[in-house]
Amino acid sequence: MTPAKKAKKKIEEKIFIPQEKLNEVLERLSKHFRVWVPVLSSSSNGWTVEFRPFTIESEPFFTRQSTMPPKSVILPQGETLFQYEYVKNSDDPSKQDLILKETINAEKTLVFGARPCDVRGFVICDWVFLRGLYLDVYYKSRRENTLFATLVCQDADDACFCSSVGGGPGDMEGSDIRITSTSEGFVLEGLNDRAKEVISLCECDPPSEEQSRDAQRIQEEAKNRIIGSLDVSGSVEAVKGQFQNMGVWRDIAESCLSCGVCTYVCPTCYCFTITDEIQGLKGERLRSWDSCMFHQYTQEASGHNPRPTKLERYRNRLGHKFCYFPLRYGGVIACCGCGRCIRSCPVSIDIRSAVERVKEVHSNACVCS
Amino acid sequence: MLASAVNPYLPELGRVVEVITETPTIKTFRIVLENTEKMQAFDFRPGQVAQLSVFGVGEATFVINSPPTCKDYLQFSVMRAGEVTQKIHQLVPGDPVGVRGPLGNGFPYEAMQAKNIIFIAGGIGMAPLRTLLLFMLENRKDYGEISLIYGARSPQDLCYRYEIPNWQKKGVDVVLTVDAEAPGWTHRVGFVPTVLSEEAPSPNNRIAIVCGPPIMIKFVLFGLRELGFEDWQIYTTLEKRMKCGIGICGRCNMGEKFVCADGPVFSMEELQGMVPEL
């Protein structure tokens with residue numbers, strides 16, 4: 001059901017990074033990779049955890065899931081697709097020529113401390129950017145140049161439901177290195193050949209027997225833990241079957257503010273817009289995150305809008321994740337169960353209850369008809 | 001052929017060579033790609049679209065309405081409606097533009113062979129049908145009777161009026177109509193769906209290809225069904241707001257289908273299986 005093949009080639013190389021040595025190791029890795037780590041930042045509005053490029057002042061924060069996923073490492077919130085410049089035509093100065101310049105420049109990158117759900121987000125997005133009719137060269141170049149060192153997740157909360165959508169707290173699909181956080185530090189294991197370079201650059205000793213045992217226990221626990229209880233079976237039929245039942249969509253989305261935060265914090269939401277910017281004779285074509293929760297998203301030049309209210313827009317978001325995406329991409333659910341949309345929604349819309357509600361209404365409708 | 005086989009977002013550079021004013025709000029642009037080899041190799045199916053760029057303003061999607069055999073230029077008819085089309089309307093011969101395409105599926109003209117064809121168009125909806133019509137006229141023996149019902153609000157809102165006598169000469173049965181009486185107008189008066197009902201083409205071995213404003217399509221479909229046309233006999237092209245044009249950006253979906261990549265041409269039979277989100 002999931003796209004990327006499990007990393008089959010297990011490299012037996014393991015190292016242990018003592019807690020107090022972490023920054024030293026990350027500093028060493030930073031000389032070879034652009035290293036992203038989750039860091040805590042607090043403001044008067046509270047705290048957030050975001051992935052930031054590592055600097056020696058960074059204080060990596062691994063004890064809570066990040067507020068924002070590391071989505072922007074592969075799909076930046078804004079990026080230049082290409083640059084252009086109008087120049088005078090040498091034969092006829094009254095005319096202008098145009099020069100285009102491609103701007104693909106992916107750096108070697110390591111995301112250190114992502115969660116299994118975060119990485120699964122990319123495994124899902126790969127279907128769109130790498131396996132569709134056209135190859136997205138910008139996404140591809142960054143994807144190929146990025147390694148994921150993924151933390152075995154030990155602190156799922158009430159909003160998490162990764163196990164319901166094919167993942168799990170110990171899921172390493174799409175990851176290159178497994179990090180297990182123990183009381184004294186971090187056990188790192190390479191999961192494929194790509195990991196070798198990182199592991200050796202760390203210049204750390206193998207874990208002691210006890211550290212290994214600790215890590216193994218944590219991994220076993222994660223493997224056996226079930227996070228969330230949403231049953232997604234039948235969601236495809238339910239969304240299609242209840243598409244025109246606006247009553248059910250009103251039940252679910254009446255309180256929606258169309259703020260779009262659910263899409264911004266979502267590791268699997270990838271919709272974007274393309275715009276031009278120009279100053280004088282030089283400009284850029286940009287791509288930036290967009291959100292299907294916004295009114296203007298589908299607004300046509302004529303003024304017609306196929307999704308005129310928040311009900312149609314929420315229906316599309318839920319439908320895309322649990323019906324349209326699976327129909328288009330071999331059954332893959334476009335949700336990684338990270339729970340960020342639930343935690344971040346200012347009016348407490350819960351996508352799990354929404355799916356359950358559509359399914360319930362659909363099954364009742366089927367019984368009655 | 002995509003403009004750049006490597007980077008699907010990178011347009012091919014071209015230049016406007018001719019501008020034809022069709023109506024007060026519609027202009028036709030003839031564009032030649034700078035790279036002559038790419039111009040010669042630009043191959044597409046009638047009904048396919050391309051993204052036209054004015055660098056600094058943006059891109060918008062238009063149907064390529066020159067016939068595929070024409071290697072002298074690519075033709076686009078553009079109705080002034082938004083920011084990009086406003087800028088396109090200001091272009092003059094010699095101005096640089098970008099072309100990204102061809103994109104989308106095009107008409108399944110092979111499946112239409114040996115069939116009678118009726119084109120039903122309203123306003124700018126004639127643009128996608130023009131390419132297929134010209135293609136069929138170039139391959140006249142492959143098709144049965146070809147007829148066209150074409151309507152606009154007023155005589156000056158009809159596109160390609162200068163070409164219509166030529167189509168008639170090649171055996172197309174053309175019925176023109178406008179919404180209201182106008183000085184010097186000698187053709188029909190009335191909405192396209194009404195004229196369709198009056199003309200009452202037989203559904204026997206006939207394919208109907210419909211394009212126009214949504215309200216026209218809605219009533220034309222009703223009329224066609226009244227006449228006995230079945231869904232597999234009816235084709236239309238859909239319009240949505242598009243950005244990437246290659247099924248990635250996620251904007252133009254109707255359920256699991258993307259209008260840019262899976263369309264813009266759909267049979268009514270296909271549309272019946274899709275979520276109704278027009």
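Q: In which sense do strand β4 and β5 of chain A pair, and over how many bridges?
A: Strands of a sheet pair through backbone hydrogen bonds, and they may do so in a parallel or an antiparallel way. In this predicted model, strand β4 (residues 78-88) of chain A pairs with β5(A) in the antiparallel sense over 7 bridges, and A:Val87 stands opposite A:Asp97 in β5(A).

Q: What is the strand order of the open sheet in chain A, and why is one side of β5 and of β10 left without a neighbour?
A: The open sheet has 4 strands in the order β5-β4-β11-β10 (chain A), with antiparallel pairing. Because β5 (96-102) and β10 (272-279) of chain A stand at the edges, each has a single partner strand, and one side of each is left without a neighbour in the sheet. From one strand to the next, the twist averages 25 degrees.

Q: Which helix lies across β4 and β11 of chain A?
A: That is helix α4 (residues 137-144) of chain A, which lies across β4 and β11 (282-289) and runs at about 130 degrees to β4(A).

Q: Which residues touch the most other members of the largest nonpolar core?
A: In soluble globular proteins, nonpolar side chains tend to be buried together. Here the largest nonpolar core holds 103 residues, of which B:Phe76, B:Met112, B:Phe119, B:Trp167 and B:Ile209 touch the most other members; helix α3 (residues 126-138) of chain B supplies the largest share, 9 residues. Beyond its neighbours within four places in sequence, B:Met112 is in contact with several residues, among them B:Phe107, B:Leu132, B:Met136, B:Ile209 and B:Tyr235. A second, separate core of 37 residues includes A:Val165, A:Cys256, A:Met293 and A:Ile342.

Definitions and conventions. Residues are numbered from 1 along each chain as its sequence is written. Chains are lettered from A and ligands numbered from 1 in the order in which they are written. This is a predicted model: local features need pLDDT of at least 70, side-chain atom pairs count only at pLDDT 80 or more; totals for chains, interfaces and linings use all residues. Side-chain values use heavy atoms; hydrogens and water are left out. A nonpolar core is a set of buried Ala, Val, Leu, Ile, Met, Phe, Trp, Tyr and Cys residues joined through side-chain atoms within 4.5 Å. Buried means under 20% relative accessible area, exposed over 50%, partly exposed in between (1.4 Å probe, protein chains only). Helices (H or I, at least four residues) and strands (E, at least two) are DSSP runs, numbered from the N terminus. Contact means heavy atoms within 4.5 Å. Two strands pair if DSSP finds at least two bridges between them. Axes are lines fitted to C-alpha atoms, for helices over the stretch in contact, and angles run from 0 to 180 degrees between N-to-C directions.
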